[in-house]
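Please brief me on this model.

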Amino acid sequence: MSQGPRSGLAAVSSALLAMSRHLEVRDVLKTIVASARELLGAQYAALGVPDDHGGFAQFVVDGVSDQQWKAIGPLPRQHGILAAMLHEARPERLADVRKDPRFEGWPSAHPEMSDFLGLPIRDGDEVIGALFLANKNCPKPHGGCGFTEDDEELLSILAQHAAIALTNARLYERSRELTIAEERSRLAHELHDAVSQKLFSLRLTAQAAAALVDRDPSRAKGELQQVAALAAEAADELRAAVVELRPAGLDEDGLVATLRTQIQVLDRAHTARVTFTSHGVRALPAAQEEALLRVAQEALHNALRHSGAEHVEVILRKRGQDTVLRVTDDGGGFDPTTVRRAGRHLGLVSMRDRASGVGGTLMVESAPGKGTTIEMEAPGG
């Protein structure tokens, strides 16, 4: 909570930087409200983002305790002064909001408010929110408003930058949604192909077993054992896909914890032993953590699906000023030049793109019968 008004270019700059630092919409809204309340020295601040049904999709407050906010009850509707901000799209500066003819009251647990300053937040011609301040922390002129024309101008500047920050956050979240949708589509396609092949083989083997039951029971028994093995492999494919479909959890858990969790589940889902160790790696920028995670997932996918490995080892460690991811398997290996000539990439192009996209490098070592090592080096960490 703020302790009083701040003034000057440094305070404005600090508020604008704080808004641009966050990418999640909810975090941006909270930062805008807190910055506005502190910058203008108000007791209360709020920001409402309208929905299409006469209410608010999001409503964030600062200066009200969690307990008091719960006691107030449901989110407000778009009426009275709030509606004026959204529909008339002009600033409102009032000496006492309770005396305005548009005032329609508030819940019993709502704090008492008098002087009021509100501005719409616009993205071009569209009003995407409204910012409200109440109870200026200063001596009030008799019958007048504590908020001044200078306050209104300062809040207007803040609202313009809030529109940019909020729009960028929405674009970021939309981009993440599209990325997740594309990833799920890819995984669904892989799941369909892999499980379909297993089920097709399972059906043929079951048919063969049924034909052999009467004339060659011992061979029928062998076929039924193969049915059981194919069913187990299909179950493994499903478990692995479910793991990949889960959100990575990078934002909450970080790269090391996310990798460790996913590898533990893969180890349980597959017959191959999958291990993970980490040495001295600290948090990296979000883009680098995501690139390292995706490269690890692609390398693990190749090792567990194609190599026939008995052991896959994942190591994440520091090397000088950089972070190195190393995925090694003891599987059948391949000739990288032959793979390129045949037009089969095993995800290598995607992995190289992810590495170079964050200023890193990717190294692939493999040979028939010699296993495979994939190593990505990224700056920082």
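The briefing below starts with the whole chain and then turns to local sites.

This is a predicted model, in which local features need pLDDT of at least 70, side-chain atom pairs count only at pLDDT 80 or more, and totals for chains, interfaces and linings use all residues. Residues are numbered from 1 along each chain as its sequence is written, and side-chain values use heavy atoms, with hydrogens and water left out.

**Whole chain**
- The protein chain has 10 helices and 10 strands (DSSP runs numbered from the N terminus: helices are H or I, at least four residues; strands are E, at least two).
- Of its 381 residues, 43% are buried (under 20% relative accessible area, with exposed over 50% and partly exposed in between; 1.4 Å probe, protein chains only).
- Take the contacts between residues at least 6 apart in sequence: 62% join residues at least 24 apart (contact means heavy atoms within 4.5 Å).

**Second largest pocket**
- The second largest pocket holds about 580 Å³ of space (a pocket is an open set of points on a 1 Å grid over the protein atoms alone, where a 1.4 Å probe fits, with protein on both sides within 12 Å along at least five of seven lines; the volume is the space filled by probe spheres set on the points, which are joined across faces, edges and corners).
- Its lining counts 31 residues (each has an atom within 4 Å of a point).
- Phe59, Pro76, Leu82, Trp106 and His110 lie nearest the centre of the pocket.
- E1 (42-50), E2 (56-62), H3 (66-72), H4 (80-88) and E5 (126-136) each supply at least two lining residues.

**Helix H4**
- H4 is largely enclosed by the rest of the structure, because 7 of its 9 residues are buried.
- The buried residues are Gly80, Ile81, Leu82, Ala83, Ala84, Met85 and Leu86.
- They pack against E1, E2, E3 (92-94), E4 (116-123) and E5.
- Just after H4, Ala89 takes a positive phi of about 50°.

**Asp329**
- Asp329 sits in strand E8 (residues 322-329).
- Asp329 is buried and has no salt bridge (a side-chain nitrogen of Lys or Arg within 4 Å of a carboxyl oxygen of Asp or Glu).
- Arg326, the nearest side chain of opposite charge, is 11 Å away (Lys and Arg count as positive, Asp and Glu as negative; His and the chain ends are not counted).
- A polar atom of the Asp329 side chain lies 2.8 Å from the backbone nitrogen of Gly331.
- Leaving out residues up to four places away in sequence, Asp329 touches residues including His311, Val312 and Thr372.

**Ala283**
- Ala283 lies in the loop between E6 (273-279) and H8 (286-306).
- Ala283 counts as exposed because its relative accessibility is 68%.
- Ala283 and Val256 are 27 residues apart in sequence and 8.6 Å apart in space, C-alpha to C-alpha.

Definitions and conventions: A polar contact is a pair of N or O atoms within 3.5 Å; within protein, one must be able to donate a hydrogen and the other to accept it, and residues adjacent in sequence count only if both atoms are side-chain atoms.
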